[in-house]
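Please read these points beside the model.

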Amino acid sequence: MDPFQHLLLPLLFLLAARIDARKALMFAPLAVLPDFDALFDLHRALGHSFIPILVVPMVILLYARFRRPEWLLAALVVQFYLASHVILDLGGVAFLWPVVPEQFYFEPAITFTTDGGFSFGFSLDYGMRELADMGTTSFLSDAGVALILLGVLMTVVFRREAGNALSKAWTAVRETLINFLRRT
Ligand SMILES: [Zn+2]
């Protein structure tokens, strides 16, 4: 899955669930962070393994739970964004890296056949394979382009709602920036 979809899908999910919009926007970049492991030639391993995805955020979550209750929501949002990355990448992630160097893949599909009459089928392919060398990773895939097109069309169809949502999002971004600048 490309970075654009990694950013957009969990962010929209949190906004739809009416989770604190400011926190949802502020931590959204974390949903893309795991893909920077490509810089170290360990794409879908170093940044996608249980250590950064589960262990580190769980430590933060536990610390927040017992020492800093006011951080709890932020810690949950962080855990959600990081976990969403691996769930959306289930087509192939070395989740147990470096303990298990291979990547796991899970590819469900609904198929449609016209050979000898119409029929629907469900296929599920899963297992382990060697970690692919992914020096080049697509920044925007065909599915990402389709998602942008869908977003543009939805915005045109739901003009008024989109206008309201954009002004709300802008207010949230502005408040986040002002708060951040005030603190530093
Ligand atoms: Zn990824």
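1. With 11 C-beta neighbours inside 10 Å, D41 counts as exposed; the cut-off for exposed is 12 or fewer other C-beta atoms within 10 Å, for buried 20 or more, with partly exposed in between and C-beta atoms placed from the backbone. D41 lies in the loop between α2 and α3 (50–66). Its phi is positive, about 60°, although D41 is not a glycine. Most residues other than glycine have a negative phi, and most peptide bonds are trans.

2. The model is predicted: local features need pLDDT of at least 70, side-chain atom pairs count only at pLDDT 80 or more, and totals for chains, interfaces and linings use all residues. Residue numbers run from 1 along each chain as its sequence is written.

3. R18 also has a positive phi, near 60°, and is a residue other than glycine. R18 sits in the loop between α1 and α2. R18 counts as exposed because it has 8 C-beta neighbours inside 10 Å.

4. A cis peptide bond, with omega about 5°, joins W97 and P98. P98 is placed in the loop between α4 and β1 (103–113).

5. The chain has 6 helices and 2 strands, taken as DSSP runs numbered from the N terminus (helices H or I, at least four residues; strands E, at least two). Their pattern along the sequence is α-α-α-α-β-β-α-α. The C-alpha trace spans about 65 × 50 × 30 Å along its principal axes. Of the 184 residues in the chain, 16% are buried.

6. Which residues form the largest nonpolar core? It has 12 residues: L11, L14, A24, F27, L30, A31, I53, A75, V77, V78, Y81 and L82. A nonpolar core here is a set of buried Ala, Val, Leu, Ile, Met, Phe, Trp, Tyr and Cys residues joined through C-beta atoms within 7 Å. At least two residues of this core come from each of α1, α2 (21–27) and α4 (72–88). α4 gives the largest share, 5 residues.

7. Leaving aside neighbours within four places in sequence, L14 is in contact with I19, A24, V77 and F80; contact means that the C-beta atoms, placed from the backbone, lie within 7 Å. Among contacts in the chain between residues at least 6 apart in sequence, 62% join residues at least 24 apart.

8. α1 and α4 pack with their axes 10 Å apart and at an angle of about 130°. Axes are lines fitted to C-alpha atoms, for helices over the stretch in contact, and angles run from 0 to 180 degrees between N-to-C directions. α1 and α4 are therefore oblique to each other; under 35 degrees counts as roughly parallel, over 145 as roughly antiparallel, 65 to 115 as roughly perpendicular and the rest as oblique. On the α1 side Q5, H6, L9, P10 and L14 meet V77, F80, Y81, S84, H85 and L88 in α4. The residues of this contact divide into 7 nonpolar, 4 polar and no charged. Ala, Val, Leu, Ile, Met, Phe, Trp, Tyr, Cys and Pro count as nonpolar, Asp, Glu, Lys and Arg as charged, and the others, Gly among them, as polar.

9. The axes of α1 (residues 3–16) and α5 (residues 142–157) come within 9 Å and cross at roughly 45°. That makes α1 oblique to α5. F4, Q5 and L8 in α1 meet A143, G144 and L147 in α5, and the residues of this contact divide into 4 nonpolar, 2 polar and no charged.

Definitions and conventions: Two residues are in contact if their C-beta atoms, placed from the backbone, lie within 7 Å.
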